[in-house]
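Keep the sequence and the 3D view open while you read.

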Amino acid sequence: QVQLVQSGGGLVHTGGSLTLSCTSSGRAFGNYGMAWFRQAPGKEREFVARINWSGASTNYADSVKGRFTISRDNAKNTVVLQMRSLKPEDTALYYCAARPKSGPPEYEYWGQGTQVTVSS
């Protein structure tokens, strides 16, 4: 079983930066691909960024490419999302998610969510 606990987030002005962290309490963190999703009020949840089990491969939504960076430290069971040049449209509830590296593409485990609010 994988339990994901998120930290970070908060309120920032346009152009500011924030860092989100997600720590897994489960074993074999390196066996999981990790991702960040977000959901703004009245909108569906959307993909933000993903990183493979080793950290060698990352992907980003076009809307955050060049501004957000996803990274992981398997020794610390942690995945981090560094966000810079934040815009009001980045305001959302952010979730980290995990899926086994050998399995279906759906993310199986989810964090509790962290609010990010960007004021204009």
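Ser 71 stands opposite Val 80 in β8. The model you are looking at is predicted, and this pair of residues is a handy place to start. The strands β7 and β8 pair in the antiparallel sense, with six bridges between them.

From there, step back to the sheet. Four strands make up an open sheet, and their order is β1-β3-β8-β7 with antiparallel pairing. At the edges stand β1 (4-8) and β7, and each has a single partner strand, so one side of each is left without a neighbour in the sheet. From one strand to the next, the twist averages 15°. As background, strands of a sheet pair through backbone hydrogen bonds, either parallel or antiparallel.

Next comes the disulfide. How many disulfides does the structure hold? There is one, and this disulfide joins Cys 22 to Cys 96, with 2.0 Å from S to S. Cys 22 belongs to strand β3 (residues 18-24) and Cys 96 to strand β9, so the pair ties together parts that are 74 residues apart in sequence. The torsion about the S-S bond of Cys 22 and Cys 96 is about 55°, so the disulfide is right-handed. Are these cysteines buried or exposed? Cys 22 is buried, at a relative accessible area of 0%, and Cys 96 counts as buried at 0% relative accessibility.

The accessibility values discussed in this report can be set side by side:

| Residue | Relative accessibility | Class |
|---|---|---|
| Cys 22 | 0% | buried |
| Cys 96 | 0% | buried |
| Tyr 32 | 14% | buried |
| Ser 85 | 38% | partly exposed |

What is Tyr 32 in contact with, leaving aside its neighbours within four places in sequence? The partners are Val 2, Arg 27, Trp 53, Arg 72, Ala 98, Arg 99, Pro 100, Lys 101 and Tyr 109. Take Arg 99 from that list: Tyr 32 and Arg 99 are 67 residues apart in sequence, yet their C-alpha atoms are 5.3 Å apart in space.

Now for the loops. Thr 91 is found in the loop between β8 and β9. A polar atom of the Thr 91 side chain lies 2.9 Å from the backbone oxygen of Pro 88. For the backbone nitrogen of Val 118, the distance to a polar atom of the Thr 91 side chain is 2.8 Å. Not counting residues up to four places away in sequence, Thr 91 touches Ala 40, Gln 115, Val 116, Thr 117 and Val 118.

The loop between β8 and β9 (92-100) is also the place of Ser 85. Phi of Ser 85 is near 50°, a positive value in a residue other than glycine. With 38% relative accessibility, Ser 85 counts as partly exposed. Asn 77 also has a positive phi, of about 55°, although it is not a glycine. Where is Asn 77 placed? Look in the loop between β7 (68-73) and β8 (78-83). Why point out such values? Because most residues other than glycine have a negative phi.

Definitions and conventions. Residues numbered from 1 in each chain as written. Predicted model: local features only at pLDDT ≥ 70, side-chain atom pairs only at ≥ 80, totals over all residues. Heavy atoms only, no water. Helix = DSSP H or I, 4+ residues; strand = E, 2+ residues; numbered from the N terminus. Buried < 20%, exposed > 50% of the residue type's maximum accessible area, 1.4 Å probe, protein only. Pairing = 2+ DSSP bridges. Axes fitted to C-alpha atoms, helices over the stretch in contact; angles between N-to-C directions. Polar contact = N/O pair within 3.5 Å; in protein donor to acceptor, adjacent residues only side chain to side chain. Contact = heavy atoms within 4.5 Å. Disulfide = S-S within 2.5 Å.
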